[in-house]
Amino acid sequence: MGGADYTPCMISFQGSDNHLDQSGLITFTGQILLGKALGFTQSLDDRHRPGAFCRGTPVTLDIADTNGSLTRHPRGTLRILTPKYNAEKQQLTLEVGDLITVLTFKEPTDPDKAGNKKTDSQSASSVITKLLAEAGISSFTGNLPETLYNYPLNLSGSYLQSVGKLLYANNQVGWIDNQERFRISTVNVSSTQSLVSLIVGKNELWYRRLGGAEAPCEKVKAVGTQMVTREVELDNETTTEQYGTPAILDPTQTGLIVINKTKVTQKWVEDQGKFTITSETEKPWGLIVSRAFWDKFAEPPDLPPQLFQSFLGENRIEESSFESVEAGGKLIQKITNFNTDKSQYLAEIEENRPDFITGEFVGLNPTKQVTETYTYNPKEVLLNKITQTQELAVIVLNGSDENWDDWDNIPEYFVTSEEKHEEWKEIDKYTWQYETYTLKSTCKTEGSNEIEYPDDVTARSQMKLSLTWDSSEKRRSNSGQETPPAAERRPTTTRIEENPVTYTALFQDPCSGNFKQRERTYNVEFLAGISVSSDEVFIPSDSDANLQLKAIAKREGELLRARWQGAEMAGAIPNSLLNGYQPLFGVSAVEFDGTGQSYLADGCSWVVTAQKALFSCDGLWVGQAQGSIPVQGVILITGSTLTINGAIAPGAVITPEGNAVVGGITVTPDGNVIINGVTLPADGSVVIPGVVTLPYTEIEAMSGGMALGGECICYPYLLITITAVIQGGLGFGGECKGGFLLLGGMGLAGDCTGTTPLLYWEDFNWDSTDPGIWNGLQPSPNWESIIWDGTDWDRLF
């Protein structure tokens, strides 16, 4: 202990492993009792030697095997938790535990440190390795799970608790071996390989039925949330239309027309961090081109047809620039360019100086640019936002009573028409201050009407177009109202959705009747994620998450049954257990009547004194072993069989060296046995378990499904119909494999005689239609709401 030998002082050692549960970890805690010994001169009082019994001090415990050789105890590498000294008895009690128990307090102070914040696929092994290193464990062995996680893991609790949750989700368990390595084992409740043999009445301390276990049930559910990472198609194009009445342009017109059609195109350039949104808006010609220009066409507009013709009247391009992912991906600048029809901003000049308008006076022209710039502090909190607007000088001067007679040319050049500055300042932990001020062109401010402008056109335009103070504001709040807005981030190419998943394991109940135990449900965290395309609707039912739940449901159902008919047992620690211990090691027991039973050791307890080394456990009953044979007496190994006292051991494999291997046990011709590389004498303490019959039957569920769909297309007008024949069919089929092959199928088909439409108008006399029919019609979502009684039906074609 801490480099010193306390063997003379040792009175006893005892401790226990925890039972297999949903934590995903097997931990050990115990006590070592030390007393005053002759010849041992060091004090056991922790007040006299405070540095000798510090938390985390290593403790090793070796015991002698049956050959007298010192070997590390299965739980013989521990750490001190707390010392307790009894001055009256001059004894020191040390609370000890394994490395998991000592380090389980380590929790992340930075959430990002423990969490997997990436959305690219990372294996569970890489996450577990990172968490173990953060916890202080660098030595580990075993097969780490390779389940892929493609979504951010929000880990909670300590590092090791998160490791346990990941292992449980993958049907594994972590523990510390006697070399203080973190080891990972897969849980197999159906395992029948034996490491320890107990012969009741010969080498057991006790062997009795286990009481107090939870009753098994027929149905065990494992549930969880599968994180679905769906691809997002950033480069796309969408078009929307809005409908209205043509009466807004021509009072004599009725019906519906498209009054606004917008096409939005998105484009994302990953390496440049630029996201561009282009919007194009089309409207009827008469809603875009100012009436002042209608008579300037070579031929006057042919009203109403040309008046309603779709025309491109506005184009807007918004380009956002983002930081790199490593820098945080925040929005740093957004530039929006507007292009509008020239006739809209030339209308005022046309009315005052028609002679100015020459050449092209209709069509898109750059008219406005808005630039937004963002500044952040090192904690990625927005501090400043500056918005600068530039517009054509003619647009700024419009509406300012400008005397256009003084001008020789139309001022179609850009000027800065507005600047807005916004600033957020943290006053203290709870208080933020927001301050803003705005500069505008002089002719656009509230007091511009009171300004006397010079007669000179150049001086006047410079004065009108120059920036001047418009408004300012300062606010402060400690209730969160003035907190700066969250930073806009780079658009993501994926989004994460939650998909609840369930697996139900069914177990056959040997008792008939309706008086069944309630079903059990187990919640599983950290299920494997899945990636799907943007247009994929159905999530596969055989994904890794479903397989994880299947393993957990079967495991928990098997554990319920194994504990329900389990046994408590104890005995001396055999040599095979010294080097072969792992959670749920196999135990073969031969009962008084010669019946062999197969168990898995759970929740082991350990006791060591100067004269003995014992173990006890709860035996999880795997099943009855047919043909269990103690390895003792006459051993005969032929070229193909192993015979013990005249009984043939089933399943034996004869090696070239003349040994027989059966049930993980090697039997030599002289009767010795070898388990996990440890040779044991032929004293009957080892039992070949034989063939184990499971006490239950797992019912394998077969999934099936059927999908039906249809489409209905309707038109807001009457059609002439003709008779046609529609054929349809429905088919079922299946296949079942499991020792036999069952093929089956069912098909349905039929003819349907009905009508199908032809797309041309029916010659119909609208005047003969009863007005009550029109009043009973429900308007289509795309129809204009109208009172049918006021409709001029004679105008309909």
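Biologist: Why does Trp175 count as buried?

Modeller: This is a predicted model, and in it Trp175 has 0% relative accessibility. Buried means under 20%, so Trp175 counts as buried.

Biologist: And what makes Tyr581 buried or exposed?

Modeller: Its relative accessible area is 6%. That falls under the 20% cut-off, so Tyr581 is buried.

Biologist: OK, rings next. How many aromatic pairs does a search of the whole structure find?

Modeller: The search turns up 15 aromatic pairs. One of them is Trp175 with Tyr581.

Biologist: Why is the pair of Trp175 and Tyr581 called edge-to-face?

Modeller: The ring centres are 5.6 Å apart, within the 6.5 Å needed for a pair. The planes sit at 85°, and over 60 counts as edge-to-face, so that's the label.

Biologist: What makes you say this pair ties parts together?

Modeller: Trp175 is in strand β9, while Tyr581 is in the loop between α11 and β28. Those parts are 406 residues apart in sequence, so the pair ties them together.

Biologist: How do you know that Phe585 and Phe615 form an edge-to-face pair?

Modeller: Centre to centre they're 6.2 Å, within 6.5 Å. The angle between the planes is 65°, over the 60 cut-off.

Biologist: What puts Lys330 over the ring of Tyr376?

Modeller: The charged end of Lys330 is 5.3 Å from the ring centre of Tyr376. The distance limit is 6 Å, and the charge must also be within 35 degrees of the ring normal. Lys330 is listed as sitting over the ring.

Conventions
Residues are numbered from 1 along each chain as its sequence is written. This is a predicted model: local features need pLDDT of at least 70, side-chain atom pairs count only at pLDDT 80 or more; totals for chains, interfaces and linings use all residues. Side-chain values use heavy atoms; hydrogens and water are left out. Rings of Phe, Tyr and Trp (its six-membered ring) pair if their centres lie within 6.5 Å; planes under 30 degrees apart count as stacked, over 60 as edge-to-face and the rest as tilted. Helices (H or I, at least four residues) and strands (E, at least two) are DSSP runs, numbered from the N terminus. Buried means under 20% relative accessible area, exposed over 50%, partly exposed in between (1.4 Å probe, protein chains only).
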